Amino acid sequence: LQTLGLETLTLRAERSCENALAVAEFLERGHEKVRTVNYPGLPSSKYHEIAKRQFPNGFGGILTFDLGSKAECFAFIDSLRLIRRATNLNDNKSLILHPASTIYCEYSPVEKEEMNVTDSMLRLSVGIEDVSDIIEDLQIALSVL
């Protein structure tokens, strides 16, 4: 299994990067409930030029985006059917979590603010599923808000 995983690693990483860019573009132009999208592959990112130089083969499979509130974040997560709630990164499956109440839960409000971790932020690790399925899942969850 390890050999098989290593043999397909490059293909899976490429697909994850491609999917993440498509998802970030969708979220950025998509819905009035999405306030901001943070992904270095977007031309609107303040890190885009640096990322183009440092990551010529893709901008990674992880992005964050902000909704209106913590309540909206949890309603959104609860409405997802394909994307799973989990803390892993770079899985074959797309995974989402609410950083402020999970991986940053032990930090003070001041520390979270210094790290730009807000109650309205979600982190999405984009997998290798068909990107149209990922976007459809996001569209449905956004329509619930």
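1. The lining of the largest pocket divides by class into 11 nonpolar, seven polar and three charged residues. The model under review is a predicted one, and this composition should be read with that in mind.

2. The volume of the largest pocket is about 540 Å³. Its lining comprises 21 residues, and those nearest the pocket centre are N38, T64, M115, N116 and M121. Two or more lining residues come from each of the strands β1 (36-38), β2 (62-66) and β5 (121-125).

3. The second largest pocket holds about 160 Å³ of space. Among the residues that line it are L9, R12, A13, S16 and C17, together with G60, G61 and I62. N90, D91, N92 and I128 also belong to this lining. Helix α1 (residues 2-30) supplies the largest share, five residues. By class, five residues of this lining are nonpolar, five are polar and two are charged.

4. How many disulfides does the model contain? The count is zero. A disulfide requires two cysteine sulfur atoms within 2.5 Å. For C73, the closest cysteine sulfur is that of C105, at 16 Å, which is too far for a bond.

5. C105, by contrast, is partly exposed, at 45% relative accessible area.

Methods: Residues are numbered from 1 along each chain as its sequence is written. This is a predicted model: local features need pLDDT of at least 70, side-chain atom pairs count only at pLDDT 80 or more; totals for chains, interfaces and linings use all residues. Side-chain values use heavy atoms; hydrogens and water are left out. Buried means under 20% relative accessible area, exposed over 50%, partly exposed in between (1.4 Å probe, protein chains only). On a 1 Å grid over the protein atoms alone, a cavity is a set of points where a 1.4 Å probe fits but cannot get out, and a pocket is an open set with protein on both sides within 12 Å along at least five of seven lines; lining residues have an atom within 4 Å of a point. Grid points are joined across faces, edges and corners, and a volume is the space filled by probe spheres set on the points. Helices (H or I, at least four residues) and strands (E, at least two) are DSSP runs, numbered from the N terminus. Ala, Val, Leu, Ile, Met, Phe, Trp, Tyr, Cys and Pro count as nonpolar, Asp, Glu, Lys and Arg as charged, and the others, Gly among them, as polar.
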